[in-house]
Amino acid sequence: MNRITIAKIILLIVFLTVFIEKDNTFKYEIDKIYPKLLILRFNNKKSMNEELGDISNRYEGLSNLEGHNFPASFIKKTDNIYDIVKKNNIEYVIGIYNIDSLLHEKLHAKYYFDKKYKQQIDKEWNNMEVSKKNKIITFLKNLGYNDKVLIDEYQAYRYSEKKKIIFLE
């Protein structure tokens with residue numbers, strides 16, 4: 001898959017969502033491309049991290065983030081979003097407070113839902129030069145990510161924030 005095709009897919013992913021409902025602390029939407037994807041939009045980072053931090057910590061080992069993403073299986077009955085997730089048959093959740101994080105978080109959803117894309121990324125990762133892979137692993141672990149999300153984080157950074165990430169040089 002060439003970069004132009006990937007860029008077109010990414011733009012499509014970012015813009016094809018459908019508004020569903022508004023809550024006191026966040027709005028939520030069901031994604032149009034991935035109808036089992038819940039997108040939570042918060043007014044600020046503090047409220048987002050208060051709402052989603054514990055869930056993200058269970059999944060990826062971090063709670064104070066610029067955006068959140070996790071499979072719905074990490075949501076407990078005591079989490080405030082539990083009813084929304086169950087009512088809408090959601091499999092994956094992303095949360096943002098800043099539109100700049102949307103592409104990065106949607107790429108996590110793409111990696112989760114799109115098996116062909118996941119296979120391409122996994123192949124890229126598995127064929128990567130060991131020294132480059134070690135540099136990426138060190139970078140991501142220094143950010144606090146655990147081993148089970150490294151490839152997913154790699155692809156999200158690679159395709160959403162490449163100019164900001166030293167390991168892509």
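Is Y157 buried or exposed? Y157 counts as buried, at 11% relative accessibility; here buried means under 20% relative accessible area, exposed over 50%, and partly exposed in between, with a 1.4 Å probe and protein chains only.

Before going further, some ground rules. This is a predicted model, where local features need pLDDT of at least 70 and side-chain atom pairs count only at pLDDT 80 or more, while totals for chains, interfaces and linings use all residues. Residues are numbered from 1 along each chain as its sequence is written, and side-chain values use heavy atoms, leaving out hydrogens and water.

Now zoom out. The protein has seven helices and five strands, taken as DSSP runs (H or I of at least four residues for helices, E of at least two for strands) and numbered from the N terminus. Reading from the N terminus, the order is α-β-β-β-α-β-α-β-α-α-α-α. Of the 169 residues, 47% are buried. Take the contacts (heavy atoms within 4.5 Å) with a separation of 6 or more: 51% of them join residues 24 or more positions apart.

The axes of helix α6 (residues 130-142) and helix α7 (residues 150-160) come within 10 Å and cross at roughly 95°. That makes α6 roughly perpendicular to α7, a label for angles of 65 to 115 degrees; under 35 counts as roughly parallel, over 145 as roughly antiparallel, and the rest as oblique. From α6, the contact uses I136, I137, L140 and K141, and from α7 it uses L150, E153, Y154 and Y157. Sorted by type, these residues are six nonpolar, no polar and two charged.

Rings of Phe, Tyr and Trp (its six-membered ring) pair if their centres lie within 6.5 Å, with planes under 30 degrees apart counted as stacked, over 60 as edge-to-face and the rest as tilted. By this rule there are nine aromatic pairs. In one of them, the rings of Y112 and F113 have centres 4.9 Å apart and planes at 85°, so the pair is edge-to-face. Y112 is partly exposed at 28%, whereas F113 is buried at 18%. The rings of Y145 and Y157 are edge-to-face too, because their planes stand at 75°, with centres 6.5 Å apart. Y145 lies in the loop between α6 and α7 and Y157 in helix α7, so the pair ties together parts that are twelve residues apart in sequence. Y145 is buried, with a relative accessible area of 9%.

Finally, Y112 and F113 belong to one aromatic cluster with Y34 and Y92.

Conventions: Axes fitted to C-alpha atoms, helices over the stretch in contact; angles between N-to-C directions. Nonpolar A, V, L, I, M, F, W, Y, C, P; charged D, E, K, R; others polar.
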